[in-house]
Structures are given as C-alpha cells and as structure tokens.
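Student: Hey, can you walk me through this protein? I'd like to know what to look at and where.

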Amino acid sequence: QPLIGVLAVQGDVVDHARALEAAGARVRAVRRPEELEGLDGLVIPGGESTTIDRLCRIFGLHEPIRAQIAEGMPVYGSCAGMIQLADQILDGHREQQTFGGIDMTVRRNAFGRQVDSFETDLGIDGLAEPDRPYRAVFIRAPWVERLGEDVEVLARADDHPVAVRQGNLLATSFHPEVTEDHRVHELFVRMVRERA
Ligand code: GLN
C-alpha cells in the first residue's frame with residue numbers, strides 16, 4: 001500500500017486521512033520536514049490557505065514541499081490545498097506564498113462571494129463509474145481564472161474549472177473528504193501507484 005502524507009498544520013486533516021485509508025493508502029500526518037521523507041504522495045487539505053502558508057514557512061515545510069513537487073511527487077490539494085498548488089493567486093493575503101506547481105491562476109473565495117457554500121452534482125473525468133454523478137461540496141471555494149495549456153480540466157461547475165490535473169498534481173475547489181464517496185481519493189491513490 002502506498003504511504004501518503006496529509007499536511008497537518010491546519011485544516012481538514014482527519015477526514016482526508018480517513019478517505020485515503022478507505023481508498024487503500026497508508027497515511028502519515030506531516031507536521032515536520034522529516035515526516036516528508038519516504039512518502040509516495042502528499043495531500044494538502046482544505047482549511048485556511050493563509051494559515052497553512054504561514055505555518056508551513058514557520059515549520060520549515062515550505063521549501064521541502066516545493067522541492068518534492070519539483071521532483072514529481074504526486075500531490076493533491078482540495079480547496080485551500082488547490083490555492084496552495086496554484087502558481088498564481090488573486091485575492092490572497094498580502095504576504096501569502098503558494099507552493100505552486102500547477103500553471104494556473106486561482107481566485108480565493110470566488111464562489112464564496114456568491115454563496116458561502118453549496119453542493120452540486122459533477123461529472124469528473126477519470127473517476128470510477130463515470131456515469132454516476134459526484135456530489136461535490138464547496139465551502140468558500142476558490143475558482144480557476146486562468147489555466148496553462150498543460151493543465152487538464154477534469155470537471156467544471158458553472159463554466160469554471162473545479163477539478164484540474166497537471167502531471168502528478170491534482171486539485172479540486174471542493175471537499176471530497178467530507179462525503180462518503182471516495183472516488184476522488186481513489187483517483188489520487190491511482191496516480192500515486194502509477195508513479196511508484
Ligand atoms: N477560503 C479558504 C482559503 O482561502 C479556503 C476554504 C476551504 O478550504 N474550505 O484558504
């Protein structure tokens with residue numbers, strides 16, 4: 001079974017761990033740089049991206065995670081995690097930095113300006129049972145405003161890309177960890193196995 005880390009400085013850590021285990025992975029909570037060693041993949045949970053960013057820099061995790069991304073480690077970010085995987089962000093905190101890796105511009109809280117949270121049925125490319133809709137939960141979610149040509153769009157909501165993939169990096173605006181449908185985590189575990 002692949003060993004997947006969940007960045008555990010802030011946010012929705014426990015639910016991601018549970019979903020990853022249900023999808024067939026072993027899980028390690030990552031709070032210190034040493035805990036990145038030997039991982040097959042990493043999840044950046046939803047939460048508050050400004051806080052995740054600040055704590056990662058304080059704990060010395062920012063540079064090692066950037067380095068792992070550059071080396072091709074599979075990383076999945078949901079919501080705040082999507083923001084942290086974007087090369088550029090809009091409406092970020094003044095000093096906010098991202099890990100980057102996906103050639104896209106993401107606007108924070110963009111859906112949230114319209115409605116704080118909502119659920120909708122999506123068709124997501126690459127999931128098992130493609131004909132069964134995926135019920136996606138959005139909470140103060142970002143949307144993607146610009147995409148580079150190497151980025152693949154796996155799902156859209158209201159014409160906005162909400163699930164994207166570039167190489168070994170996967171990002172969703174929504175929170176698959178809060179539902180019992182583990183197909184997004186299964187997709188990520190498959191990406192991890194294919195790389196390993
Ligand atoms: N709005 C949050 C942020 O900017 C993300 C919300 C979430 O992860 N549910 O980080």
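Predicted model: local features only at pLDDT ≥ 70, side-chain atom pairs only at ≥ 80, totals over all residues.

Student: Ok, which residues does UniProt place in the "active site"?

Tutor: The unreviewed UniProt entry puts that feature at Cys 79, His 175 and Glu 177. They span 99 residues in sequence, yet no two of their C-alpha atoms are more than 10.8 Å apart, so they gather at one spot. As for the record itself, its positions use the numbering used here, feature names are shortened, and annotations may be inferred rather than shown by experiment.

Student: Is His 175 buried or exposed?

Tutor: His 175 is buried, with 23 other C-beta atoms within 10 Å. The cut-offs: buried is 20 or more other C-beta atoms within 10 Å of a residue's own, exposed is 12 or fewer, and partly exposed is in between, with C-beta atoms placed from the backbone. His 175 lies in the loop between β12 (169–172) and α6 (183–195). Those labels are DSSP runs numbered from the N terminus: helices are H or I with at least four residues, strands are E with at least two.

Student: And where is Glu 177?

Tutor: Glu 177 is in the loop between β12 and α6, and is buried with 25 other C-beta atoms within 10 Å.

Student: What does Glu 177 contact?

Tutor: Setting aside neighbours within four places in sequence, Glu 177 is in contact with Asp 12, Asp 15, His 16, Ala 19 and Ser 78. Contact here means that the two C-beta atoms, placed from the backbone, lie within 7 Å.

Student: Switching topic: which residues does the "binding site" cover?

Tutor: In the unreviewed UniProt entry, that annotation covers Gly 47, Glu 48, Ser 49, Arg 108, Ile 139 and Arg 140. These span 94 residues in sequence, yet no two of their C-alpha atoms are more than 12.9 Å apart, so they gather at one spot.

Student: What surrounds the ligand?

Tutor: Among the residues around the ligand are Glu 48, Cys 79, Arg 108, Ile 139 and Arg 140. To count as near, a residue's C-beta atom, placed from the backbone, has to lie within 6 Å of the molecule. The shell divides into 4 nonpolar, 4 polar and 3 charged. Nonpolar means Ala, Val, Leu, Ile, Met, Phe, Trp, Tyr, Cys and Pro, charged means Asp, Glu, Lys and Arg, and the others, Gly among them, are polar.

Student: Where does Ile 139 lie, and what does Ile 139 touch?

Tutor: Ile 139 lies in strand β8 (residues 134–139). Not counting residues up to four places away in sequence, Ile 139 touches Gly 46, Cys 79, Ser 117 and His 175. Ile 139 is partly exposed, with 18 other C-beta atoms within 10 Å.

Student: Last one: in what order do β5, β6 and β9 sit in the sheet?

Tutor: The order is β5-β6-β9, in an open sheet with mixed pairing. For strands to pair, DSSP has to find at least two bridges between them. β5 (86–90) and β9 (143–147) stand at the edges with a single partner strand each, so one side of each is left without a neighbour in the sheet.

Note on methods: Residues numbered from 1 in each chain as written.
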